[in-house]
Amino acid sequence: MKQPYDVLIIGGGVVGSAIAREMSRYRLKIGVLEKNLDVCYETSGRNSGVVHGGFAYDRGSLKARLCVEGNQMMDQLSKELDFRFIRCGKVLVGNTEEDMETLKRTLKQGEDNGSKGLVIIDEKELHRLVPAVVGKFAMFSPNSGIVDPFNYTIALAENAHENGVDYYLDHEVKGISRQENGTWRVETEKGDFLTRWVVNSAGLGCGKISEMLEIKGYHVIGSKGDYIILDKRTGPLLPMPVYPVPSNTYMGIHVTNTTDGNVIIGPNAETVTDFSYYGVPQRNMDYLAESASDLWPCISKGDYIRNYSGILPKWVDDEGVIQDFKIEIRDEIAPHAINLVGIESPGLTAAVPIARYAIGLMKERETLEPNPNFNPVRKGIVRFAEQTKEEQARLIGENPDYGEVICRCEKVTRAEILQAIHNPLGVDTMAGIKYRTRSMMGRCQGGYCQMRIEQMIEEELGKKATEICYARQGSQILFGEVR
Ligand SMILES: Cc1cc2nc3c(=O)[nH]c(=O)nc-3n(C[C@H](O)[C@H](O)[C@H](O)COP(=O)(O)OP(=O)(O)OC[C@H]3O[C@@H](n4cnc5c(N)ncnc54)[C@H](O)[C@@H]3O)c2cc1C
């Protein structure tokens, strides 16, 4: 049995890690239990990476309010935590009178929600902003942006950890019970934990954790969206995300630039009950490319480098209507438990305001003392390829490992891979290195460097080749010796 915690957070995605970081501003002993081997293997690493403006959500909803707040604080967060965020703007493109009516309604809703600078633009202005787009007019949102979802999540987690939060990766919560003295016992296969407060930020697992807390009745469905990633060659053709006119419940298949210069196409929206299947069928890729080509006719199969998918946890009522974020403390059933349900889009944009809202509920029930040692600043791994020639020479002079390029496509050096292998959270998977450095994310997708990186993990961490997982438990890439 581990020492008792003040707070145990279940789920270390962007929301759980934002809660961990925000709570580390106070004198609290905090732990995060994460079932995967890293913090961004579920929805937080499987999305469009768009920092939304807040115009797409119902007036007065938590989604709208926390999205606008999250959008406004993203510049400061990215500076403090050293992750990529670009306020590039975004367009919603229309062609018909009906589209125009929808865009005007969306703009009004956005203004009511506090989204600034929204404007309807004509075809000429649309082509000035995004020359390759097809459409007659658009709504332009200058404050929308794009973020690196992996490093944003990792940065929050690392900063929380640097401020004293314990991360337990590979710890799946299997049961929760309340002791007679009011503390919670949280069960995992690696031992039980005691805590005064428990937080359910389990993403797709929110329904199960709610049930464990005896908070019944939440019906959570999955909405799966697939994506295609295009080669960086296409990046210059897309300066900002291009969306179609939205429906009430779905933003539509869009094309989005990424903070590293790729383009992603997607997502579709398929209701699913299996929350662990992330395959992308060929027919869905064909459908994505066909739909997105109507907006942005620059899609060619020769530029496909990878696909991926993500699943949104949508909380629905008995009629199947999608509900707002639920962030609650049910004192009568589960006192000292903060329950988050249905944190779907815009959960990435809104993660820090969601965390602050959750802490606000806690503060209504107990006084929290500030942590005088809290440090909001975290430094990421310096990208050698993006430094000036002089800076590169200086880095190589200081550390010759900067002189050896391991990933040729993304020009990632041995020094960067070594820093990633020795990351603060102790993540030791191939994907862990990939998300921290961009190695294996280029045109060849690791064909050249993957085995060299695998060997470096073996050497640095004293692991056997057969122990090293690609991402999830059981995803070993080597099973034995052939000679
Ligand atoms: C296709 C798609 C596109 C999206 N696009 C955007 C976008 O452009 N902008 C935006 O703002 N938002 C977007 N979102 C939404 C956003 O990604 C999510 O709202 C956000 O990532 C939710 O974060 P989370 O931490 O709640 O969930 P997760 O990242 O899923 O984290 C929950 C964690 O809990 C862990 N867990 C679950 N059960 C247990 C258990 N029993 N024990 C221990 N750990 C457990 C999981 O392993 C997981 O790591 C998109 C989502 C999808 C699917």
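Let me begin with burial: a residue counts as buried if 20 or more other C-beta atoms lie within 10 Å of its own, as exposed if 12 or fewer do, and as partly exposed in between, with the C-beta atoms placed from the backbone. What I am showing is a predicted model, in which local features need pLDDT of at least 70 and side-chain atom pairs count only at pLDDT 80 or more, while totals for chains, interfaces and linings use all residues. Residues are numbered from 1 along each chain as its sequence is written.

By that burial criterion, 48% of the 483 residues of the protein are buried, and the C-alpha atoms fill a box of roughly 65 × 60 × 45 Å along the principal axes.

Now to the backbone. Most residues other than glycine have a negative phi, and most peptide bonds are trans. Asp82, however, has a positive phi near 60 degrees, and with 17 other C-beta atoms within 10 Å this residue is partly exposed. Glu214, also not a glycine, has a positive phi of about 70 degrees, and its 13 C-beta neighbours inside 10 Å make Glu214 partly exposed.

Where are the cis peptide bonds that I would like you to look at? One runs from Gly266 to Pro267, with omega near -5 degrees, and another joins Ser345 and Pro346, with omega about 10 degrees.

Finally, the ligand: of the 40 residues around it, those that come nearest are Gly11, Gly13, Gly203, Gly205 and Gly347, where being near a molecule requires the C-beta atom, placed from the backbone, to lie within 6 Å of it.
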